[in-house]
Amino acid sequence: MSTSLSVITESPSSLDADAVVVGYHSGADGPEPASGAHDVDSAFSGGLAGTLALLGASGALEEVRTVPALGTVTAPVVVAVGLGDAPADGGAVSSDALARAAGAALRALEGKARVALALPAQNADQVTAVALGALLGNYSFDRYRTDADETARASALTVVSSAEGADDAARRALVLAESVNLARDLVNTAPADLHPEDLAGVAEEVARDVGIDVLTLDEQALAEGGYGGIIGVGQGSANPPRLVRLAYSHPDATRTVAFVGKGITFDSGGLSLKPAASMDWMKSDMGGAAAVLAALRTIAVLRPAVNVVGYLAIAENMPSGTAQRPSDVLTIYGGKTVEVLNTDAEGRLVMADALVRAHEDRPDLIVDVATLTGAQLVALGTRVFAVMANDDEVREQVLAAAGAAGESAWPMPLPDELRKGLDSAVADIANVAGERWGGMLSAGVFLREFIEEGVRWAHLDIAGPAFNQGQPHGYTPKGGTGAATRTLVRIAESYADN
């Protein structure tokens with residue numbers, strides 16, 4: 001279902017909508033109306049804040065209370081959502097808090113087609129945050145539901161704001177949300193309906209829609225080209241692998257950024273079979289490729305003055321009589337050999353091929369994004385992705401981009417001493433270390449081996465944040481999240497020559 005988005009300046013108390021959303025801060029004596037909420041608050045006898053206090057509301061971030069308007073305002077329902085403590089010294093509410101609150105409010109609304117948001121939106125960044133949070137919170141994945149109700153989610157959202165640039169900010173939010181939700185849809189799709197050829201086909205369709213170049217290498221072209229990592233991982237499946245190259249260019253650009261995404265459409269672990277409890281959500285192992293595709297779509301629509309190339313390294317990792325074996329040796333694109341000691345460490349093998357290929361575009365920066373290691377969840381949990389880089393400045397740039405995009409990331413090292421653990425008795429390098437400790441870091445060290453000296457590179461491990469196995473929160477649904485999409489867009493924009 002598509003959702004329309006508009007910006008208006010009218011008072012929220014007189015809007016023709018099915019529900020109006022207002023914000024409240026946590027105060028010493030209970031909830032206090034935030035910017036944008038005062039007209040609605042004063043329409044209630046004694047103030048809506050007093051009613052909210054009677055309902056036990058505190059104004060805590062993402063707290064939602066739904067109150068019948070009973071004729072006090074035009075909309076039949078008022079949704080009060082918590083924004084946490086008011087900023088000190090009259091400062092602006094953070095974009096992160098606004099997005100999370102808007103998302104929580106939309107998730108709580110069902111059967112309301114037209115929703116107006118009167119949250120703090122005093123500048124363009126706040127408008128983007130409110131609109132983006134609402135659009136992402138309004139997401140649902142109903143492809144397989146026989147009783148899906150399309151009217152359960154809002155079909156029209158309105159942001160109340162008179163900020164300069166509000167219309168452009170809302171447009172940006174709509175483009176971002178559509179792209180993030182595309183990534184979510186792909187991650188949520190059953191693996192039987194998203195074989196490597198299918199994912200490549202979606203990428204080709206997106207490329208046509210937004211006018212960017214696309215090249216897909218099938219299994220024959222991959223074999224002829226020497227892409228041993230992708231071929232090796234994919235050879236156990238009846239569904240052959242693909243490598244997709246997407247290219248956006250701008251006539252005024254002088255710099256190029258390359259994104260590389262891991263696209264394992266299902267990961268059984270191969271012959272190093274995963275336990276059942278670790279396998280049922282492995283449809284999400286293509287979350288990195290989904291993020292790269294979604295980012296390229298966004299960039300092509302927003303048109304920053306930078307060239308961006310995206311690679312989707314796509315395969316299905318399955319056990320069969322043709323599957324690669326532990327102790328097999330693969331020749332990666334470019335000639336380096338890898339001894340496969342564990343077939344469940346397959347993502348780094350397909351990524352190695354694509355990373356080497358990305359050098360041929362002579363990029364100023366390479367960023368790879370992958371649901372690479374279970375160790376990432378152990379280290380950082382399910383909401384924070386890891387950032388590693390071969391250059392401290394690059395790592396800080398990526399972290400800044402993630403922060404500006406509203407995504408949680410944390411810097412991690414690439415200890416040189418871990419390289420020795422990847423030594424192979426027969427090949428240039430082994431795909432796993434001999435000990436389990438520091439598994440996320442050693443995976444990053446492995447990938448660094450395929451980056452040429454002097455090339456700036458960053459690695460994002462999004463294993464946890466790419467798929468929410470817990471309860472929805474803020475604008476984040478259960479299932480696919482679209483993690484890292486917004487960060488990649490920010491990175492590209494930071495390299496633009498605007």
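Which residues in helix 13 are buried? Gly439, Met440, Leu441, Ser442, Ala443, Gly444, Val445, Phe446 and Leu447 are buried. Helix 13, residues 439-448, is thus mostly covered, with nine of its 10 residues buried. Buried here means under 20% relative accessible area, exposed means over 50%, and partly exposed lies in between, with a 1.4 Å probe and protein chains only. Helices (H or I, at least four residues) and strands (E, at least two) are DSSP runs, numbered from the N terminus.

Before I go on, a word on the source. This is a predicted model, in which local features need pLDDT of at least 70 and side-chain atom pairs count only at pLDDT 80 or more, while totals for chains, interfaces and linings use all residues. Residues are numbered from 1 along each chain as its sequence is written, and side-chain values use heavy atoms, with hydrogens and water left out.

Eight strands form an open sheet in the order 8-9-11-10-14-18-15-16, and the pairing is mixed. Its edge strands are strand 8 (213-217) and strand 16 (409-411), each of which pairs on one side only. Two strands are said to pair if DSSP finds at least two bridges between them. Neighbouring strands of this sheet are turned by 20 degrees against each other on average, direction ignored. For such angles, axes are lines fitted to C-alpha atoms, for helices over the stretch in contact, and the angles run from 0 to 180 degrees between N-to-C directions.

Within this sheet, strand 9 pairs with strand 11 (residues 307-317) in the antiparallel sense over seven bridges. There, Val244 stands opposite Leu312 in strand 11. Helix 10 packs on the sheet and touches strand 9, strand 10 (256-267), strand 11, strand 14 (365-370) and strand 18 (457-461). The direction of helix 10 makes about 155 degrees with that of strand 10. Helix 12, residues 392-405, also packs on the sheet, where it touches strand 14, strand 15 (385-389), strand 16 and strand 18. The direction of helix 12 makes about 150 degrees with that of strand 15.

Another open sheet has three strands, in the order 12-13-17, again with mixed pairing. Strand 12 (329-331) and strand 17 (429-430) stand at the edges with a single partner strand each, so one side of each is left without a neighbour in the sheet. Strand 12 pairs with strand 13 (residues 337-339) in the antiparallel sense over three bridges, and Thr331 stands opposite Thr337 in strand 13.

I come next to strand 5, residues 77-85. Eight of its nine residues are buried, so strand 5 is largely enclosed by the rest of the structure. Strand 2 (residues 19-27) pairs with strand 5 in the parallel sense over six bridges, with Val21 opposite Val79. Strand 4 (residues 64-68) pairs with strand 5 in the antiparallel sense over five bridges, with Val64 opposite Val81.

Now to the annotated positions. An unreviewed UniProt entry places the feature "binding site" at Asp267, Asp344 and Glu346. Although spread over 80 residues of sequence, these positions cluster in space, the largest C-alpha distance being 8.6 Å. The unreviewed entry in UniProt also places "domain: Cytosol aminopeptidase" at residues 342-349. UniProt positions follow the numbering used here, feature names are shortened, and annotations may be inferred rather than shown by experiment. The end C-alpha atoms of residues 342-349 lie 11 Å apart, and the span is 38% helix and 0% strand.

Is Asp344 buried or partly exposed? At 25% relative accessibility, Asp344 counts as partly exposed. Asp344 lies in the loop between strand 13 and helix 10 (347-358). Not counting residues up to four places away in sequence, Asp344 touches Asp267, Gly269, Ser272, Lys274 and Asn317; contact means heavy atoms within 4.5 Å. The side chains of Asp344 and Lys274 are joined by a polar contact of 3.1 Å. A polar contact is a pair of N or O atoms within 3.5 Å; within protein, one must be able to donate a hydrogen and the other to accept it, and residues adjacent in sequence count only if both atoms are side-chain atoms.

Glu346 also lies in the loop between strand 13 and helix 10, and at 1% relative accessibility Glu346 counts as buried. With residues up to four places away in sequence not counted, Glu346 touches Val233, Lys262, Ile264, Asp267, Asp285 and Asn317. The side chain of Glu346 makes a polar contact of 3.4 Å with the side chain of Lys262.
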